[in-house]
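Hi everyone, thanks for making time. Let me put the structure up on the screen, and then I'll walk you through one part of it.

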Amino acid sequence: MNELLTQAAGPLIALFLVAAMFSLGLDLTLREIIGSLRDRRLVTKSLLINLALVPLLAIAITSLIPMHEGLRIGIVVYAIAAGTEGGPKFVQMIKGNTAFAFGLLVLLLTFTVTLVPLILPLVIPHAEIHTGALVLKLLLVVALPIGLGLLLNGLYPAHAARLSPFAHHLSMFLLYGLFVLLIYINFQELVALQSGALLAGLLYFVLAFAAGYLAGGPDVHNRRALGIMTFARNGSISMLIGREVFPGDPQVLMMATIMTVSSVVLVVLIVTVIKRFQ
């Protein structure tokens, strides 16, 4: 039974990713994306922080704090998977620059899908990564669903608006199911999780949010948007990578899952605090 559930984790991750990316595409238009990226200086800083500084922070933190190798890899994989699909919604809730968050998300996802398979062998030299197969899978479960959502929204906006709530509910349902499944099949490992890994994860979140927030410049709306978009990464992609690239070490997938769930909890706390002091 447990073996069957373990085998079901991979398809469920892919299905969740497809649903989440499709729902994202339904909420976007090309005009909104292009118009939100006119501030080239802000865009450049945002890309450098998200694609270079944050992964380097994760590598440095996990190198300094002792932990199991699988847990270290899980944190690093989570950190390099930039572009959280739920980021713009949280930015909207705290009255940040939502349009910029949407545009930045598309750029980050583009870089994540195309560059992460190339970066992984450099960051984790001993990992056996089939780059071509990973790129193809990411294109199928990330780029294609977003493209279909954008196309549908562009051609039939009324239909996209009606379909969007259902797609969002489906992705959240799959996320909750995936979380319960992964907790169940990895319960013993979770109970024995090293405190060093938890400390490293928390430290990563604090430093990543601070870096993004400070880089947002004088406009508080940009600071809020970049803070959220920087510290929370694409958990679904990181879980997919953990499952596909490191099938022999379940702690990689488990740690990527813990980081994903923790980011949701923390971003809700951040939103609550900011809204209280607005």
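Before I count anything, a quick word on what I'm calling an aromatic pair: two rings of Phe, Tyr or Trp pair if their centres lie within 6.5 Å. Also keep in mind that this is a predicted model. By that rule, the count comes to six aromatic pairs.

Here's one of them. Phe209 and Phe231 sit edge-to-face, 5.9 Å centre to centre, with 85 degrees between the planes. This pair links distant parts of the chain: Phe209 belongs to helix α10, residues 195-215, while Phe231 belongs to helix α11, residues 220-231, and the two are 22 residues apart. Both Phe209 and Phe231 are buried.

How much of α11 is buried? 10 of its 12 residues are, so α11 is largely enclosed by the rest of the structure. Among the buried ones are Asn222, Arg223 and Arg224, along with Ile228 and Phe231. What do those buried residues pack against? You'll find α3, α4, α5, α6, α10 and α13 there. At the N-terminal end, Asp219 caps α11, with a side-chain oxygen 2.8 Å from the backbone nitrogen of His221. As for length, at 1.5 Å a residue the 12 residues of α11 should span 16 Å, and the end C-alpha atoms are 17 Å apart, which agrees.

Let's zoom out to the core. The largest nonpolar core has 83 residues, and those touching the most other members are Val142, Tyr204, Ile228, Phe231, Ile237, Ile241 and Phe246. Helix α13, residues 250-276, gives this core its largest share, 11 residues. In soluble globular proteins, nonpolar side chains tend to be buried together.

Last, the whole chain. Its secondary structure comes to 13 helices and zero strands. The radius of gyration is 18 Å, close to the 19 Å that the globule rule gives for 278 residues, so the chain is as compact as a globular protein of that length. Of those 278 residues, 50% count as buried. And if you take contacts with a separation of 6 or more, 83% come from residues 24 or more positions apart.

Key
Residues are numbered from 1 along each chain as its sequence is written. This is a predicted model: local features need pLDDT of at least 70, side-chain atom pairs count only at pLDDT 80 or more; totals for chains, interfaces and linings use all residues. Side-chain values use heavy atoms; hydrogens and water are left out. A nonpolar core is a set of buried Ala, Val, Leu, Ile, Met, Phe, Trp, Tyr and Cys residues joined through side-chain atoms within 4.5 Å. Buried means under 20% relative accessible area, exposed over 50%, partly exposed in between (1.4 Å probe, protein chains only). Helices (H or I, at least four residues) and strands (E, at least two) are DSSP runs, numbered from the N terminus. Rings of Phe, Tyr and Trp (its six-membered ring) pair if their centres lie within 6.5 Å; planes under 30 degrees apart count as stacked, over 60 as edge-to-face and the rest as tilted. The expected span of a helix is 1.5 Å times one less than its number of residues. Contact means heavy atoms within 4.5 Å. A polar contact is a pair of N or O atoms within 3.5 Å; within protein, one must be able to donate a hydrogen and the other to accept it, and residues adjacent in sequence count only if both atoms are side-chain atoms. The radius of gyration is taken over C-alpha atoms; the globule rule is 2.2 Å times the number of residues to the power 0.38.
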